[in-house]
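Colleague: I am new to this structure. Could you walk me through some of the terms used for it?

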Amino acid sequence: MCGIIGYIGNKEVYPVLINGLKRLAYRGYDSAGIALFQKNKATVYKKKGKVSELEKYCSDKDTGGHAGMGHTRWATHGEPNDLNAHPHTSMKGIFTIVHNGIIENFDKLKSDLSAKGYIFHTQTDTEILADLIEYLYLEEKVSAESAVRMALLKVVGAYGLVVMCNDEPDQLIAARKSSPLVIGIGEGEYFLASDATPMIEYTKSVVYLNDNDIAILTPKSFTLKTVDQGEEKAPDIRELEIGADEMEKKGYDYFMLKEIFEQPRTIENSLKGRINTDNKEIVLGGLTNVMPRILEARRIIMIACGTSWHAALIGKYIIEELARIPVEVEVASEYRYRKPVICPNDVVIAISQSGETADTLAAIRPAKEKGALVLGVCNVVGSSIARETHAGIYTHAGIEIGVASTKAFSAQLTVFILFALKLGHIRKTISDQRYSSVIGELLSVPEKIENILMSFPKIKEIATKYSGINNAIYIGRGCLFPVALEGALKLKEISYIHAEGYAAGEMKHGPIALVDNKLPVVVVAAQDRYYQKVVSNIQEVKARKGNIIAVITKGDNNLKNMVDDIFEIPESDSVVTPLLAVVPLQLFAYSIAILRNCNVDQPRNLAKSVTVE
């Protein structure tokens with residue numbers, strides 16, 4: 001992994017590829033490269049580091065041509081360097097390939113090819129795949145398309161790949177299995193990419209490849225087939241709903257800061273068309289046909305990774321409180337390898353910003369096989385989770401460029417509150433008064449977040465006191481415990497400070513041993529039914545000379561006088577408080593990362609969309 005761009009048509013290919021790689025940079029990467037089809041052969045340029053390094057390297061090179069492909073690599077097999085960067089060329093130079101994913105049986109394939117005289121120059125699994133395609137092409141005397149199909153039938157693992165063959169110019173071959181690829185359709189031209197962001201300024205018409213799809217592109221044609229049988233199939237052409245302006249910073253220093261400040265609009269978009277303000281009816285159109293099964297569910301199982309897992313943990317508290325349905329929350333990377341008990345009357349909800357998270361996708365497949373109803377909550381229309389689940393809800397967060405998720409998290413929480421309210425109202429597990437009250441509170445959240453964002457200068461001032469720390473603890477109770485987890489994750493993701501989140505009641509069971517006058521403890525302490533218990537936890541930390549930063553409800557003078565620093569949030573219903581409480585923690589982490597000269601949009605070692613294990 002991490003990003004693929006391809007083009008064939010009437011434009012000069014180099015600017016399309018370079019601009020596309022820049023659009024894909026938000027996914028995270030450690031090297032970049034391009035292959036240009038020139039004079040009946042592929043010319044490859046690649047460099048370790050940023051796309052700007054590749055541009056500099058290519059500045060005095062021949063970059064002409066009308067077909068080619070590019071790649072931003074996030075290292076899996078082999079260290080980040082010029083040699084291991086993509087594209088890769090087969091030993092005899094016939095095939096050039098870019099590839100996302102992992103070839104799990106590459107050792108066996110490498111051994112077989114080595115016995116046939118192939119010599120390898122990189123540490124990558126992708127080079128093995130290029131050589132395997134070339135070997136079959138020469139040995140079986142077949143077309144490039146057939147050689148690619150035959151090779152993929154021998155592969156175990158995940159792939160999104162684009163292939164060029166010197167013997168068959170003016171053609172790109174693309175295929176996918178568990179790693180996303182999108183084809184953009186223009187006039188006399190076609191685009192290929194890992195997601196739609198590199199092509200939004202050129203076309204609105206796209207085709208999302210499914211697993212086991214192979215596409216053959218020429219300047220005049222686009223053919224879609226199955227990998228296993230080679231059967232031609234009709235493409236499902238869709239219209240993009242995003243615009244190129246969403247890819248701009250619009251005056252902000254970083255995309256992450258822009259996306260934090262976009263959260264009021266994000267929540268409004270998540271609510272739009274879903275609340276009838278006249279009769280307070282909640283409309284979740286994507287669930288209409290499956291609502292009877294949801295209402296009969298024995299339990300709900302939520303599956304997610306990272307920030308989406310934290311959102312799911314909050315969703316558990318809210319759904320159980322309002323709808324009184326048992327909810328389990330699972331880390332997808334663990335769940336997929338367990339032998340979980342899944343029943344036909346279970347509802348499984350897969351949560352992913354990109355809709356392409358490999359572990360989450362893998363976890364939902366056995367659930368479908370067991371007869372459970374599988375729902376998706378994701379941000380990207382046409383993504384794999386959206387297509388592989390029975391039904392679902394789009395979060396409508398818009399494109400999120402910053403690797404550390406912010407507005408997508410808030411959009412997921414908004415969806416879970418709507419979902420819980422809808423179920424609770426139908427099941428009559430909440431009163432009409434509470435139902436209307438929470439809807440009113442939810443509608444007021446965007447304005448309340450605007451008020452929190454106005455305190456950014458004060459948050460930056462507080463961050464200067466703590467920018468030199470090496471460790472931090474975050475604590476909370478109830479549905480604010482996962483907010484503490486998310487706050488700690490944000491700090492470690494973008495500032496590289498070791499931070500851990502804990503349920504506040506667990507402090508005496510170990511973590512309090514870490515407290516001294518150098519350790520900051522961030523407490524999410526809004527006024528709710530856990531408030532007095534959290535105050536006791538704060539007193540325990542203060543007794544051991546710990547430094548307390550508290551997220552408190554505005555006007556809480558009791559805590560204001562007890563702690564060292566405060567982030568104030570408006571008063572709200574406990575169900576929507578997580579949407580407010582997370583915002584100052586996002587701004588705090590951002591401010592510390594800036595003070596430490598970190599690249600908040602592209603933290604080291606991280607990828608935006610984790611499409612491999």
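Modeller: Ala, Val, Leu, Ile, Met, Phe, Trp, Tyr, Cys and Pro count as nonpolar, Asp, Glu, Lys and Arg as charged, and the others, Gly among them, as polar. This is a predicted model, where local features need pLDDT of at least 70, side-chain atom pairs count only at pLDDT 80 or more, and totals for chains, interfaces and linings use all residues. Residues are numbered from 1 along each chain as its sequence is written, and side-chain values use heavy atoms, without hydrogens and water.

Colleague: What classes of residue make up the lining of the second largest cavity?

Modeller: Eight are nonpolar, two polar and none charged. Among the lining residues are Leu287, Phe419, Gly376 and Gly392; Gly counts as polar and Leu and Phe as nonpolar.

Colleague: What makes a space a cavity?

Modeller: On a 1 Å grid over the protein atoms alone, a 1.4 Å probe fits at its points but cannot get out; lining residues have an atom within 4 Å of a point. The second largest cavity holds about 50 Å³, the volume being the space filled by probe spheres set on the points, which are joined across faces, edges and corners.

Colleague: Why are E9 and E10 called a pair?

Modeller: Strands (E, at least two residues) are DSSP runs, numbered from the N terminus, and two of them pair if DSSP finds at least two bridges between them. E9 (residues 182-185) and E10 (residues 190-193) have four, in the antiparallel sense, so they qualify as a pair. Isoleucine 185 stands opposite tyrosine 190 in E10.

Colleague: Which order do the strands of the open sheet follow?

Modeller: The eight run E3-E2-E4-E1-E10-E9-E11-E14, with antiparallel pairing. E3 (41-48) and E14 (237-239) each have a single partner strand, so one side of each lacks a neighbour in the sheet.

Technical notes. 1 Å grid on protein atoms, 1.4 Å probe; cavity = no way out; pocket = protein on both sides within 12 Å on 5 of 7 lines; lining within 4 Å.
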